[in-house]
Amino acid sequence: MSNIRFSQYLTAMLCCVTLFGASVAHADQVVVYSARIEQLIKPMFDAFTKDTGITVKFVTDKEGPLLARLKAEGKNTPADMLITSDAGNLWEAAREGLLRPVESKTLETNIPAYLRDPQKQWFGLSVRARTIIYNTDKVKPSDLSTYEALADPKWKGRLCLRTSKKVYNQSLVAMMIAEHGEVKTEKIVKGWVDNLAVDPLSDETKAMEFVAAGRCDVTIANSYYYGRLMAKNPALPLGIFWANQEGSGVHVNISGAGVTRYASHPEAAVKLLEFLSSEKAQNLFADVNMEYPANPEVKPDPAVAAWGTFKQNTINVNKAGELQAEAVKLMDRAGYR
């Protein structure tokens, strides 16, 4: 072999070794796009790194920009995992071809079927219950029963609601369509609108503050908003009521995650997803935001457990995405803004 050819061969081999070394080092990480803010996810990522040696790099933003970014990046995305709230957002990510199916006995064991995608592209990791919050000075628990009953004329001028523009209400109505059909659901939503004490409010904390101030008597909110508000001001005359316990159960939704379609480190991403479903990580994922663990073997934080146990609606939360467009149209027809 000539000196020139040998030099070329040696250079090529050195390049291969360098690239291989970089690849191995790069494989010891996973990149996450997260719609959950840093304080809600970093403790879990740190625990995962401590257990596995795999580092987690993450980008946080709202779900809309993250989905748009994944679509724009396509095959060149650095993201291995998407974490976001609401099954409607996860369904949309799967519909857009941004996620891949994951075969994992661990995830199927840890996460109940109704809290995960039937096509295995995303899995719930925490549960948020959307239920009735009431003024304890003006309403007795015995006065309350179901979401549907809030359309009864007895609640006229007594109901506050967050705007229909928020995905949480869109998902609630979508799940009601799955249960009751469009005709009955539209009648219920029209009843809510007729009973409003004020125009729909911008957020759930404001709606609960209106209830506490006596400007309305009841509202519908995610349970963790109730927990946050009561932690700040435990003297507020607010109570939480678990809706539909004699029927289908409380409407639940999720925060969850999936492995991206073009993940560079899919095995590490699956390891992280499995870790997040484990008993060790579930409280870290749920407790910090006053949510419920998705893994039924894990108990909620004592402050959350103090609100009492309840039956969950077990219609697959995938319906929140499948029927979301219909829900938006229905709310518009019903005059729910």
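This is a predicted model: local features need pLDDT of at least 70, side-chain atom pairs count only at pLDDT 80 or more; totals for chains, interfaces and linings use all residues.

The points below go from the overall chain to the cores, the aromatic residues and the pockets.

1. The protein chain holds 14 helices and nine strands. Its C-alpha trace spans about 95 × 40 × 30 Å along the principal axes. Of the 337 residues in the chain, 52% are buried.

2. Contact range. Among contacts in the protein chain with a separation of 6 or more, 77% are between residues 24 or more positions apart.

3. Main core. The largest nonpolar core has 80 residues, and the members that touch the most others are Leu115, Trp192 and Leu238. Helix H6, residues 167–180, gives the largest share of this core, with eight residues. As a general remark, nonpolar side chains tend to be buried together in soluble globular proteins. Which residues does Trp192 touch, not counting those up to four places away in sequence? They are Tyr147, Leu150, Ala151, Leu159, Leu161, Leu172, Val173, Met176 and Ile220.

4. Second core. There is also a second, separate core, made up of 26 residues; Ala257, Ala269, Leu272 and Leu276 are among them.

5. Leu273. This residue lies in helix H10, which covers residues 266–276. Is Leu273 buried or exposed? Leu273 has a relative accessible area of 0% and therefore counts as buried, the cut-off being under 20%. Apart from neighbours within four places in sequence, Leu273 is in contact with Met81, Leu107, Phe123, Leu125, Ala257 and Val259. One of these, Ala257, is also named above as part of the second core. The C-alpha atoms of Leu273 and Val102 are 9.7 Å apart in space, while the two residues are separated by 171 residues in sequence.

6. Aromatic residues. The count of aromatic pairs comes to seven. One of them joins Tyr226 and Trp307 in an edge-to-face arrangement, with 5.6 Å centre to centre and 70° between the planes. The pair links distant parts of the chain, 81 residues apart: Tyr226 belongs to helix H9, and Trp307 to the loop between helix H12 (302–305) and helix H13 (319–322). Tyr226 and Trp307 are both buried. Elsewhere, Trp242, Tyr292 and Phe310 form one aromatic cluster.

7. Largest pocket. The volume of the largest pocket is about 380 Å³. It is lined by 18 residues, of which Ala35, Glu63, Ser85, Lys166 and Tyr168 are the closest to its centre. Helix H9, residues 223–232, supplies the largest share of the lining, three residues. By class, the lining of the largest pocket comprises eight charged, six nonpolar and four polar residues.

8. Second largest pocket. Here the volume is about 290 Å³. Tyr292, Pro293, Pro300, Phe310 and Gln312 are the closest to the centre, out of 16 lining residues. What classes of residue make up the lining of the second largest pocket? Twelve are nonpolar and four are polar, with no charged residues. The lining of the largest pocket, by comparison, has eight charged residues.

Technical notes:
Residues are numbered from 1 along each chain as its sequence is written. Side-chain values use heavy atoms; hydrogens and water are left out. On a 1 Å grid over the protein atoms alone, a cavity is a set of points where a 1.4 Å probe fits but cannot get out, and a pocket is an open set with protein on both sides within 12 Å along at least five of seven lines; lining residues have an atom within 4 Å of a point. Grid points are joined across faces, edges and corners, and a volume is the space filled by probe spheres set on the points. Helices (H or I, at least four residues) and strands (E, at least two) are DSSP runs, numbered from the N terminus. Ala, Val, Leu, Ile, Met, Phe, Trp, Tyr, Cys and Pro count as nonpolar, Asp, Glu, Lys and Arg as charged, and the others, Gly among them, as polar. A nonpolar core is a set of buried Ala, Val, Leu, Ile, Met, Phe, Trp, Tyr and Cys residues joined through side-chain atoms within 4.5 Å. Buried means under 20% relative accessible area, exposed over 50%, partly exposed in between (1.4 Å probe, protein chains only). Contact means heavy atoms within 4.5 Å. Rings of Phe, Tyr and Trp (its six-membered ring) pair if their centres lie within 6.5 Å; planes under 30 degrees apart count as stacked, over 60 as edge-to-face and the rest as tilted.
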